Amino acid sequence: LGKAGFHVFRTPVALENFTVPSVAGTGGTELPALKLANLAGKVTFLNFWATWCPPCKQEMPSINRLSELMKGTDFQVAAISVDDKAKTVRDFIAKEKYTYPVYIDTTGQLASIYAAQGIPTTYIIDKSGKIIAGAVGAREYDDPEIVAIMKDLAK
């Protein structure tokens, strides 16, 4: 992960307990809220973003492709918007036709902890629900090297 531009934590970091309401899922379907307990058993690509953030919008197509490439593995994407209004996020996701699960942190509580350095911020969470790596700034997440790393983690 370090070679792919992530900061790798020496010791995995436990997430604070949280619940974030969903905005959109595959094909615009509504999903249950995202909770810490939902992360266990899968590698989770946790991305903080906003509709008004140019670097966020730049990386989102690659996140969508990564999500598609990882189907059938123990891997999931959870994108958390820091926008204020669910309708704004829902409309944006529908317009761009993104298919990965999107949630919204309208209170800003989760983003203030995990995206304090700015957005986009992405974390890789292991199958036990602990953060093992993080990156601030836009990247191309469908890069073959990153896909191979995610597939290896999801085994």
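Trainee: Which residues are linked in a network of salt bridges?

Mentor: This is a predicted model, in which local features need pLDDT of at least 70 and side-chain atom pairs count only at pLDDT 80 or more, while totals for chains, interfaces and linings use all residues. Residues are numbered from 1 along each chain as its sequence is written, and side-chain values use heavy atoms, with hydrogens and water left out. A salt bridge is taken as a side-chain nitrogen of Lys or Arg within 4 Å of a carboxyl oxygen of Asp or Glu. By that criterion, the residues joined in a network are Arg65, Glu140 and Asp142.

Trainee: How many salt bridges does the structure hold?

Mentor: Side chains of opposite charge can pair when their charged atoms come close. Among the pairs here are Glu96 with Lys95, at 3.5 Å from N to O, and Lys155 with Asp152, whose closest N and O atoms are 3.6 Å apart. The count for the structure is seven.

Trainee: How many residues apart in sequence are the parts that the salt bridge between Asp74 and Lys127 ties together?

Mentor: The closest N and O atoms of Asp74 and Lys127 are 3.5 Å apart. Asp74 lies in the loop between α1 (54–69) and β6 (75–81), whereas Lys127 lies in the loop between β8 and β9 (130–136), so the separation that this pair bridges can be read from the sequence; the helices (H or I, at least four residues) and strands (E, at least two) are DSSP runs, numbered from the N terminus. The parts tied together are 53 residues apart.

Trainee: Which residues form one aromatic cluster with Trp49?

Mentor: Contact means heavy atoms within 4.5 Å, and, leaving aside neighbours within four places in sequence, the residues in contact with Trp49 include Met60, Val89, Phe92 and Ile119. Trp49 also belongs to an aromatic cluster, where rings of Phe, Tyr and Trp (its six-membered ring) pair if their centres lie within 6.5 Å, with planes under 30 degrees apart counting as stacked, over 60 as edge-to-face and the rest as tilted.

Trainee: Why does the pair of Phe48 and Tyr123 count as it does, and what is its class?

Mentor: Phe48 sits in strand β5 and Tyr123 in strand β8, 75 residues apart. Phe48 is buried at 0% relative accessibility, and Tyr123 is buried at 12%. The ring centres are 6.5 Å apart and the planes stand at 85°, so the class is edge-to-face.

Trainee: What is the angle between the planes of Tyr114 and Tyr123?

Mentor: Both Tyr114 and Tyr123 are buried. Their aromatic pair is edge-to-face, with 6.0 Å centre to centre and an angle between the planes of 80°.

Trainee: Which backbone oxygen does the side chain of Thr121 reach?

Mentor: Thr121 is found in strand β8 (residues 121–125) and counts as buried at 2% relative accessibility. Beyond four places away in sequence, Thr121 touches residues including Phe48, Tyr114 and Val136. At 2.4 Å, its side chain reaches the backbone oxygen of Gly118.

Trainee: How far apart are the C-alpha atoms of Val8 and Leu36?

Mentor: Val8 is found in strand β1 (residues 7–14) and is partly exposed at 42% relative accessibility. Not counting residues up to four places away in sequence, Val8 touches Leu1, Gly2, Ile132 and Ala133. Val8 and Leu36 are 28 residues apart along the chain, and their C-alpha atoms are separated by 21 Å.

Definitions and conventions:
Buried means under 20% relative accessible area, exposed over 50%, partly exposed in between (1.4 Å probe, protein chains only). A polar contact is a pair of N or O atoms within 3.5 Å; within protein, one must be able to donate a hydrogen and the other to accept it, and residues adjacent in sequence count only if both atoms are side-chain atoms.
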